[in-house]
Amino acid sequence: MKNETHHEEQYPEYCRNSLMDFVKIKDIDIEVCDVTLRDGEQTPGVAFSKEQKMSIAQHLDDIGIEVIEAGFPVVSEAERDVVKSIANMGLDARICCLCRSTQKDVETAVDCDVDFVSIFLAMSDLHLKYKYHKSLEEMLDVAMNAVEYAKDHGIGVRFAAEDATRTPIPRLIDAFKMAEERNADYVSIADTVGILNPITATYLVDQVYNAIDTKKTKICMHCHDDLGLAVANTLAAAEAGAFQIHTTVNGIGERAGNAALEEVLMNLRIQYGVDRYDLHNLVDLSEEVKAASKIDVAINKSVVGQNAFSHESGIHVAAILENPRTYELFLPEMVGGKRNLIVGKHTGTKALAGIIKDIGYELGEADFNALFDQVKVITETEQRSVDRDELEVLVQSVLKNN
Ligand SMILES: CC(=O)SCCNC(=O)CCNC(=O)[C@H](O)C(C)(C)COP(=O)(O)OP(=O)(O)OC[C@H]1O[C@@H](n2cnc3c(N)ncnc32)[C@H](O)[C@@H]1OP(=O)(O)O
Ligand SMILES: O=C(O)CCC(=O)C(=O)O
C-alpha cells in the first residue's frame, strides 16, 4: 500500500510540460466560453433538439465551463425557446447568445433571460462591401446603438468583431474603444476564416490588450480551424492576455470547425497547470455530441479519438505493459477513455504474450511461436489487425494442432 502511494506520487496521471519553466509568458487568466450550441450547430446539416441542447449544456456545466453560448435567438421560435430554457436551468455557467448588430436581434435576445448578448459586426472591407453594402460608419452606428440598447436593459455585452483578422488593426481598435466607452463587458477577436497563426494571434491580442482597459473590458478569442491552428492560436491568444477563449466539443463548427474543447482543456492542464476543470467525462461528452450532431470524430483525434489510447507497435506495447506512461502523455482514465492494445503487423512477442495472458492463456514456447507466426501472416497478407475473439480462436487452434 505504501509502495502504491509512492508509485502514484512519482507518476501522476499526466506528465506536465516542464519545458514551460524555461519560457517567459504572462500568467494565464482565462475563462472558457463553449459555443458548441451555436457555432457548433452551424456545422452543415446539424440541428440539435431542445433535449440534446439542454443535456449538452448540463454536461458543460458539470465540467466547470464558465460560459455557454446557447444559440442565436432570431433563427427561429424553437431556438428562442431553447436559449431561454437553458438560461433558466440554474446552471453555474453564465449563458450568452448571438445577435446581429440590430436592435431587433438584441430585443429578441433580451427576452431570452441570458446573462449577456454577443453583438457581432464584421468590419473588414470584404464584408462591408459584399455583405452589408453599407459604409463602416453606418454599420458602426447601428452596432453601437445595439450595444447601448442591451446595456440599458441591464444585460451584459460582448462586442464581437467578425472577420477581425482581416480588418485593419486601427479600425478594429477604434471600434473596440467605442464599445468600451459604452461599457461593453467583452470585445471579441473572431478569426472567422482561420487565417491566424500563433505568432500573429499573439501580436493582434497584444495590440488590443495595450489599447483598451482590460480590467473593465475583457478580450475574447474565437478561432476557426481552416489551417488546423485553431487550438494553437487560442492558446497563443490566452498567453497574450485574451481572457475568454471559445471552444466547441469535438471542434465542430463552420467549415473546418472551431478550437476543440477537449484539446484546449487538456492543454490548459498540461501546459499551464490549470486544474479547475473536471476532465473525467470528456470522452462521454464527445460521444454525446458525436451522436447528437451525427458528425464523426476522426479516429486519430487528440484526446477523444478511438486511437488516442490505442497501441500496436511491439516496442511501445512492451513498455506500456510495464508502465503506460512510457507512451501515454496522460492516462485514458483522466478523460474517461480506455486503453486498447491492438494485435497487428507491428506486434512484438512481449505484447502478444501480455495480450493472450489478459484473455486467459499462457502458451509454451512452440505454441507461442506458432501463434506469433500466424498473427504476422494474417495481419500482413490481409492488411488488418486481429481482434480478441479471433485471437482466442487462433490460440485454441494452435493448442489443438501442436
Ligand atoms: C460568423 C458567424 O458565425 S455569423 C452567424 C451565422 N449564423 C447564422 O447565419 C445562423 C442562421 N441564420 C439564419 O437563420 C438567418 O440567416 C437569419 C435568421 C439570421 C437571418 O435571416 P434573413 O433575415 O432571411 O437574412 P439572410 O440570411 O438572407 O441575410 C442575412 C442578413 O443579415 C445581415 N447581417 C449579417 N450579419 C449582420 C450583422 N452582424 N449585423 C447586422 N446585419 C447583419 C446581412 O447583411 C443580411 O441583411 P439583408 O437581409 O438586409 O441583406
Ligand atoms: O467572436 C465571436 O464571439 C463570434 C464570432 C464568430 O462566430 C465568427 O466570426 O466566426
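How far apart do the C-alpha centres of domain 1 and domain 2 lie? The two centres lie 45 Å apart, the protein chain being divided into domain 1 (18-293) and domain 2 (310-401), with bounds that come from an automatic or database domain assignment. The model is predicted: local features need pLDDT of at least 70, side-chain atom pairs count only at pLDDT 80 or more, and totals for chains, interfaces and linings use all residues. Residues are numbered from 1 along each chain as its sequence is written, while chains are lettered from A and ligands numbered from 1 in the order in which they are written.

Between the domains, eight residues of domain 1 are in contact with six residues of domain 2, where contact requires C-beta atoms, placed from the backbone, to lie within 7 Å. On the domain 1 side, α10 (261-272) and α11 (282-293) each supply at least two residues; helices (H or I, at least four residues) and strands (E, at least two) are DSSP runs, numbered from the N terminus. The most is given by α11, with three residues. This side of domain 1 has five nonpolar, two polar and one charged residues. In this classification Ala, Val, Leu, Ile, Met, Phe, Trp, Tyr, Cys and Pro count as nonpolar, Asp, Glu, Lys and Arg as charged, and the others, Gly among them, as polar.

Helix α10 also packs against α9, at an angle of about 45° and with the axes 10 Å apart. Axes are lines fitted to C-alpha atoms, for helices over the stretch in contact, and angles run from 0 to 180 degrees between N-to-C directions. The angle makes α9 oblique to α10; angles under 35 degrees count as roughly parallel, over 145 as roughly antiparallel, 65 to 115 as roughly perpendicular and the rest as oblique. The crossing of α9 and α10 is right-handed, a crossing being left-handed if the near helix is turned anticlockwise from the far one by less than a right angle, and right-handed if clockwise. V231, T234 and L235 of α9 meet E263, V264 and N267 of α10.

On α9 (residues 230-240) there is also a contact with α8 (residues 198-211), whose axis comes within 8 Å of that of α9 and crosses it at roughly 35°. This crossing of α8 and α9 is right-handed. From α8, P198, A201, T202, V205, D206 and Y209 meet A232, N233, A236, A237, E239 and A240 of α9. The contact of α8 with α9 comprises eight nonpolar, two polar and two charged residues.

A further pair is formed by α4 (residues 103-110) and α6 (residues 136-152), with axes 9 Å apart at an angle of about 25°. That angle makes α4 roughly parallel to α6. Q103, V106 and V110 of α4 meet N145, A146, Y149 and A150 of α6, giving five nonpolar, two polar and no charged residues.

Ligand 2 is surrounded by D39, S118, F120, A160, E162, S188, A190, T192, C220, H222 and H224; a residue is near a molecule if its C-beta atom, placed from the backbone, lies within 6 Å of it. Strands β4 (116-122), β5 (156-162), β6 (186-191) and β7 (218-223) each supply at least two residues of this shell, which divides into four nonpolar, five polar and two charged residues. Around ligand 1 there are 15 residues, of which V75, R100, S101, F120 and L121 come nearest. Two or more residues of the shell around ligand 1 come from each of β4 and α5 (125-132). By class, the shell around ligand 1 has six nonpolar, four polar and five charged residues.

Notes: Contact = placed C-beta atoms within 7 Å.
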